Amino acid sequence: MSTDQQPSRSVLSRRGMLAAGGAAILGAAGGFVLASGKDASVPTTSAPPAPATSPPPTAEPGVPAAPVILPFYGAHQAGVETEPALFQTFVGLDLISPTRKNAEATMRLVTDDAARLTQGQSALADTQPELALNADRLTISVGLGHSLFERIGLADRIPEQFPVIPRFRTDAFEEPWSGTDLLLQVGATDPLTLAHTLRMLTKDLSTLARVRWSQPGFRSNAPASMGVASRRNLMGQVEATHFPAPGSEQFATVVWIDDGPDWVVGGTVLVLRRIRMLLDTWDILDRPVQETVMGRSLSTGQLLGDGADDGVSPFDAVDDNGLPVIPADAHIRVARADSLEGVMMRRPYNYDSGMHKGTNDVGLLFAAYTRDPRTSFIPTQRRLARGDAFQRWISTVGSATYVLPGGVAEGDFLAQGLFA
Ligand code: HEM
């Protein structure tokens, strides 16, 4: 890990140009400098997603392309390495009567429903089977929470890679967004299909499990011709610039668990954080400050100072006053891992929940997939809580963690080995 710690010059003290929102931005910004280097110091890229089984034919103008059906069976659950769907909902459920038998029955039922629905076939006893037909990029993934293991008497089978996430000083949790026994993660292109899928799954499970919360997320559907537009979040920032490329060896190393009981091999740990964006105070910052807080350009998503042809890495570049172009407390500088074991796969979704206390309740469903949060998410979040300038404009209102079992072969059900 980096030992390169320097006194920090905070984003705000150097720009010191906030008027009205001054009170909101007071406070020392502890610096934490990661290893200097070029953007590719950890060799992560945004590369094409893993291929689908049936690539879409080129659409004639006005003629919709055929749905892309993603495989359900395989070494891993879909919905992690696959290209993010336009819409994704995370649903947290608790077993009504917490017994091993009920947990097993739940996994059998969900596996059966998911195997059908993701392939465009209706689930058994579906009263609206037509709504299952457009399964374009439909994925259904399942996660198990700590409370499930504890409540059904299998706490001793909690995988070691699945620790309890500690509280951080920036956490400001609200009800009901905490961990549940089970998670359903459903992604789709068509919001109607997504709604129907959620209805079918929760209806079929209604005697076994009760929904505690549902968190719908969305991404931009800007066409590829608009460049980075489809990766913008509700602050206009370009996301997913520096992360492991799906389909790469690096992705496999960072995401998939490769040791432990058979039901967990090929799985991963999902850290789901509900992070509200404090847009009222963010919006009054001027654009250069917004960029400096993050360390990246708003229009292109590139590192500040990147592209200067003086051969100096953006992390070493200084401005006319001799101050770092990317300050020590810029979000990406503090967040950046300096070794592969610190890297995780981030696949965030935007959320918009209407209004909260007179202002827009919007933000990010931050979803990180990692083979081990002890080396990736936890140290990263700890650094951010201590020294990330951006924390003043976001608030983490929820946190839930799940182990996603490995994939399943036809005839088996998810997490089967857990119940053996
Ligand atoms: C509302 C909350 C957040 C927003 C809007 C946000 C936004 C961004 C943006 C725009 C980037 C640059 C593009 C990219 O590489 O994706 C970025 C990078 C990153 N963020 Fe965040 N982020 C948020 C929360 C978090 C959290 C909670 C973590 C981890 C605990 C995190 C970890 C990272 C990491 C590791 C990078 C890549 C740094 C690098 O190596 O360049 N972010 N974030």
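Arg151 counts as partly exposed, because its relative accessibility is 36%; here buried means under 20% relative accessible area, exposed over 50%, and partly exposed in between (1.4 Å probe, protein chains only). Before going further: this is a predicted model, where local features need pLDDT of at least 70 and side-chain atom pairs count only at pLDDT 80 or more, while totals for chains, interfaces and linings use all residues. Residues are numbered from 1 along each chain as its sequence is written, and side-chain values use heavy atoms, with hydrogens and water left out.

So where does Arg151 sit? Look at helix H3 (residues 146-151); helices (H or I, at least four residues) and strands (E, at least two) are DSSP runs, numbered from the N terminus. Setting aside neighbours within four places in sequence, Arg151 touches Asp94, Leu95, Ile96, Pro98 and Asp181, a contact being heavy atoms within 4.5 Å. Ser97 is 54 residues from Arg151 in sequence, yet their C-alpha atoms are 9.2 Å apart in space.

Now for Asp181. Its side chain meets that of Arg151 in a salt bridge (2.4 Å, N to O). Asp181 lies in the loop between H3 and strand S3 (182-188) and Arg151 in helix H3, so the pair ties together parts that are 30 residues apart in sequence. Asp181 counts as buried, at 1% relative accessibility.

What makes a salt bridge here? The rule asks for a side-chain nitrogen of Lys or Arg within 4 Å of a carboxyl oxygen of Asp or Glu. How many salt bridges does the rule give?

| Salt bridge | N to O distance |
|---|---|
| Arg151 and Asp181 | 2.4 Å |
| Arg116 and Asp112 | 3.4 Å |
| Asp258 and Arg371 | 3.7 Å |

Arg116 and Asp112 are both in helix H2 (residues 100-117), and because they are four residues apart there, about one helical turn separates them. Arg116 is partly exposed, with a relative accessible area of 23%, and Asp112 is also partly exposed, at 34% relative accessibility.

The salt bridge between Asp258 and Arg371 has its closest N and O atoms 3.7 Å apart. This pair links distant parts of the chain, 113 residues apart: Asp258 is in the loop between helix H5 (249-255) and strand S5 (268-277), and Arg371 in the loop between strand S8 (359-370) and helix H9 (377-387). Asp258 counts as exposed at 52% relative accessibility, whereas Arg371 is partly exposed, with 26% relative accessible area.

Elsewhere, Glu174, Arg276 and Asp361 are linked in a network of salt bridges.
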